[in-house]
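Student: I would like to go through a protein model with you. Could you show it to me before I start asking?

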Amino acid sequence: MADRPQGSGMPEKGTPEYDWLYGTQSSGPSGDATQQMPAGGRSQARPDETRVMPVARREARASGAQPPSGSGRTPTPAPTPAGARPKKRRWRPRMRLVPLVLLLVLVYLLGVPLYHWTKIDKVDTEPTGQRPGDQPGTNYLIVGSDKADDLTDEQRKELDTPERGGTNTDTIIVLHTGSSGRTMMSIPRDTLVDVPGGGTQMINAAFASGGAPLLVQRVEALTGIHIDHYVELGFGSVINTVDAFGGVEICPKQDMVDPMARLDIKKGCQEVDGITALAYSRSRHVTALSDLDRVARQREVISAIGDEALSPWTFVNPLRYWQINDAATGAIVVDEGMNPLDLGRFALAMTGKSQTCTMPNLNAPSDPNRIIADPDRAPALFNAIIDDAKVPKSACTPTGRVIG
């Protein structure tokens, strides 16, 4: 090994490997020098250089935030596979449209009955003389008249009835609603009552001679029940309403052939149209108890109409809803004191389960073809309705006669 030159023992200036010690700038960096990246980008960087990453702010690091924009790379979305379809954005209705739709439905459900209300005939039904006082619950007098002036020519031909305004009735029903439920009581048209100025007559004669006011008066005098509202249904109302529903179910207990009522049906439950339903409710020449059996069938048809009215399809189908309202109001008469809300309550009272009865009765001593109210059993039924109390089962039978 050669001897080192003698000197001061310190490296001489200008010696390249010692420039870092003396701070002397050389014309270019050494191959292994650590260099800082230029701020302008990566275009001049060498692949083997050790790079100095920018320092993130302390606050950003502490809060977990992303580095400032420009300091990091924007992730590149994955390419869509070849042949794959891009996902379509699913359309969803805006929630603010839902209240608008509900409002339109409500307007329609309320507007249709209100419009048809303007087409209903109103009559004065206020009777003269002393009347029973106000009573709990609500009592409707339902009268089925022979009004046929709204029937089509085809319907009149099938029923063999001329056009007439309705001066006779074979359906008289008191419908009570209250805290004790619903009670539907039929008063047979052959019931004898005292008619002012006319002596003793059948109760339907009061309707023929004095109209609604005299009939209301005679029903109140016979029963002691205060009549709050009056509803008269004509032939067309029954026929067209049943047809608007698409038919109703009846359940005759025997084969029924009654040429006078234009009725020919078999025993058993079955769907019938409006003409058949009306004939079924008017027939009185087939069964043994005649008019007493007929009033039970009348209540059956009315209840069947009420059952159909409860169907949700009645309200969700706009066309059906219109047709039913139009048919029901086509041949109906109400008292002048009734308003649309009262009519709505009546419609609700017609639906649902009701206790159905015929006024307890006996054959009239003066005429076996006429009847009178049973003096022993009828008051129990009348008083239950008057007091809005539960009706005794013994007083509520389909024909008004004692069972067994």
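This is a predicted model: local features need pLDDT of at least 70, side-chain atom pairs count only at pLDDT 80 or more; totals for chains, interfaces and linings use all residues.

Student: What share of the contacts joins residues at least 24 apart?

Tutor: The share is 66%, taken among contacts between residues at least 6 apart in sequence.

Student: You mentioned M185. What is M185 in contact with?

Tutor: Setting aside neighbours within four places in sequence, M185 is in contact with I172, I173 and V174, with T223 and I225, with C357, T358 and M359, and with L381, F382 and I385.

Student: Changing topic: how many salt bridges does a search of the whole structure find?

Tutor: The search finds twelve salt bridges. In one of them, D170 pairs with R282, and the closest N and O atoms are 3.7 Å apart. D170 is in strand β3 and R282 in helix α7 (residues 274-282), so the pair links distant parts of the chain, 112 residues apart.

Student: What about D190, which residue forms a salt bridge with it?

Tutor: R284 does, with the closest N and O atoms 3.3 Å apart. This pair also links distant parts of the chain, 94 residues apart: R284 is in the loop between α7 and α8 (291-309), and D190 is in the loop between β4 (181-186) and β5. R284 is buried, with a relative accessible area of 19%, and D190 counts as buried at 8%.

Student: Why can such side chains pair at all?

Tutor: Side chains of opposite charge can pair when their charged atoms come close.

Student: How far apart are D291 and R294 in helix α8?

Tutor: D291 and R294 are three residues apart in helix α8, so about one helical turn separates them. Their side chains meet in a salt bridge at 2.7 Å, N to O. D291 is buried, with a relative accessible area of 3%, and R294 counts as buried at 3% relative accessibility.

Student: Which residues are linked with D291 and R294 in a network of salt bridges?

Tutor: D170 and R282 are linked with D291 and R294 in that network.

Student: Let us turn to a hairpin. How many residues join β14 to β15?

Tutor: The hairpin joins β14 to β15 through two residues. Strand β14 (residues 361-364) and strand β15 (residues 367-373) run antiparallel and are joined by four bridges. A364 has D367, in β15, as its bridge partner.

Student: Last topic: where is Q135?

Tutor: Q135 is in the loop between β1 (121-123) and β2. Q135 is buried, with a relative accessible area of 15%.

Student: What does Q135 touch?

Tutor: Not counting residues up to four places away in sequence, Q135 touches G224, I225, H226 and I386. A polar atom of the Q135 side chain lies 3.0 Å from the backbone oxygen of G224. The side chain of Q135 also reaches the backbone nitrogen of H226, at 3.1 Å. The C-alpha atoms of Q135 and D387 are separated by 7.0 Å, although these residues are 252 apart along the chain.

Methods. Residues are numbered from 1 along each chain as its sequence is written. Side-chain values use heavy atoms; hydrogens and water are left out. Contact means heavy atoms within 4.5 Å. Two strands pair if DSSP finds at least two bridges between them. A salt bridge is a side-chain nitrogen of Lys or Arg within 4 Å of a carboxyl oxygen of Asp or Glu. Buried means under 20% relative accessible area, exposed over 50%, partly exposed in between (1.4 Å probe, protein chains only). A polar contact is a pair of N or O atoms within 3.5 Å; within protein, one must be able to donate a hydrogen and the other to accept it, and residues adjacent in sequence count only if both atoms are side-chain atoms.
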